[in-house]
Amino acid sequence: MPITISYTAPKLRYYTVAGDTLKAIEAFMKRKGPVDPNEGKRMVAMTYTGQGIVPKWTHGRSDLHRAPNGEVTCSVKVKDMKFVARAVILLPKLGSNKLSPAARKEWDRFFRKLKAHELKHIAVYRGFMHTVLDEIGRLEGSALAKTEAAAEKAARADLELAIRLNYAGGKLDKRIRQMHHQFDKRTRHGQRSGAKLNTKIP
Ligand SMILES: [Zn+2]
């Protein structure tokens, strides 16, 4: 039962940072950087991910049972469902500045590490979405009715309800936010792997 997701290449967006020293640039990013929805704090960079289900999806019967009294029990699972996902990464970009060559080198190093961290968010997101697709593939809707067609129709409605209860109303988005949050806690927003500006460099 193919439940698939297609990812568009992440879009890179930039905000320009001002300052003639690394210290000044760091202060600028703390004032003007994007706000992390998980922590309500300003960050130096952010990755935004989102996804949607293509509305037309199909189901397939996973079980059909007729009782001696003629009533039919039908179970259905998702057969074909398509997700589309997108991601935007917002990164800082140097504006015109008077950074020393050593400071400039440090900025470039920091930027590479930061970008790697943000790209990792997308990799983690994709892994997470695979889990979600597996979950949806295991969901089953069931119903009992007098005819096969009526039982199948009601089973489909039951499956739709299960999907809504588990993922709609912001539930999936909330899990995704938590997933990004956990990743940031583990990596300290990439600082553990070097996404931290050494402002001591003059
Ligand atoms: Zn992060």
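This is a predicted model: local features need pLDDT of at least 70, side-chain atom pairs count only at pLDDT 80 or more; totals for chains, interfaces and linings use all residues.

The entries below go through the cores and then a helix.

Residues are numbered from 1 along each chain as its sequence is written.

Entry one, the cores. I looked up nonpolar cores, meaning sets of buried Ala, Val, Leu, Ile, Met, Phe, Trp, Tyr and Cys residues joined through C-beta atoms within 7 Å; buried means that 20 or more other C-beta atoms lie within 10 Å of a residue's own, exposed means 12 or fewer, and C-beta atoms are placed from the backbone. The largest core has 16 residues, and Leu22, Val44, Ala45, Phe110 and Leu114 touch the most other members. Helix H1 (22–32), strand E7 (72–94) and helix H2 (101–138) each supply at least two residues of this core, and H2 gives the most, with four. Helices (H or I, at least four residues) and strands (E, at least two) are DSSP runs, numbered from the N terminus. A second, separate core of nine residues includes Cys74, Ile136, Ala151 and Leu159.

Which residues of H3 are buried? I found Ala151, Glu152, Ala155 and Leu159, and they lie on the same side of H3 because they cover an arc of only 95° around the axis, taken from the directions from the helix axis to the C-beta atoms. On the other side of H3, Ala149, Leu161, Arg164 and Leu165 are exposed. Just after H3, glycine 169 takes a positive phi of about 60°.
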